[in-house]
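Subject: Handover of a structure and notes on its strands

Dear colleague,

Please find below the structure that I am handing over to you. My notes on the pairing of its strands follow it.

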Amino acid sequence: MVSRKDTFAWGAIQGVLDIPEHLHAAAKAGGASAYAQAQQEDFCGERVFWLPGEPWHEDCAALFPADAVRALGFELSQAGQFRVYSTHGTDPHIDGDGACFVLVLANDGLKFRQGKQSHVTRAGEWYIFDDCRTHTVSDSKRSTSYVFLHHALKAAS
Ligand SMILES: [Fe+2]
């Protein structure tokens with residue numbers, strides 16, 4: 001029997017949400033300051049920054065499309081929490097959290113890749129990727145930051 005997960009398009013854009021302008025602006029600002037910090041460290045420090053909790057993160061979490069995610073066979077993992085991260089680019093890597101929800105809040109030119117899927121993700125686009133398989137956020141000469149809402153998922157019960 002082929003399980004749903006074997007055929008699932010990990011990393012494919014599944015939908016687009018309307019990101020209110022003030023949240024997009026806040027995400028851009030958070031990404032810009034994370035980028036400035038990375039620049040100060042000559043890009044030798046962390047590649048992915050967890051932006052510590054701010055009230056606007058909760059407004060982003062409230063956008064979570066629970067029904068659409070359930071229709072794909074997933075729900076939020078109780079073990080996880082919504083977090084906002086910013087990256088200026090990563091090498092191909094594996095983290096080990098399994099299925100993860102990502103909603104891109106702001107993106108200044110970076111490309112997410114997993115398997116056959118790759119996209120210069122636009123703000124508002126969301127996808128589910130498998131953190132236990134190789135994934136990359138590729139930068140370009142002019143790109144700066146890729147800011148996203150993240151939460152671990154589990155198979156829907
Ligand atoms: Fe990762």
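Two strands are taken to pair if DSSP finds at least two bridges between them. In general, the strands of a sheet pair through backbone hydrogen bonds, either parallel or antiparallel. Please note that this is a predicted model.

With that in mind, I begin with an open sheet of 3 strands, whose order is 7-6-9 and whose pairing is antiparallel. Its edge strands are strand 7 (117–119) and strand 9 (136–138), each of which pairs on one side only. From one strand to the next, the twist averages 15 degrees. Strand 6, covering residues 111–114, runs antiparallel to strand 9 and is joined to it by 3 bridges. Within this pairing, Lys111 has Ser138 of strand 9 as its bridge partner.

I turn next to strand 10, which spans residues 146–155 and pairs with strand 3 (residues 74–76) in the antiparallel sense over 3 bridges. Here Leu76 has Leu153 in strand 10 as its bridge partner.

Strand 4 (residues 83–87) also pairs with strand 10, over 5 bridges and again in the antiparallel sense. The bridge partner of Thr87 in this case is Tyr146 of strand 10.

Yours sincerely,

A colleague

Terms used
Residues numbered from 1 in each chain as written. Predicted model: local features only at pLDDT ≥ 70, side-chain atom pairs only at ≥ 80, totals over all residues. Helix = DSSP H or I, 4+ residues; strand = E, 2+ residues; numbered from the N terminus. Axes fitted to C-alpha atoms, helices over the stretch in contact; angles between N-to-C directions.
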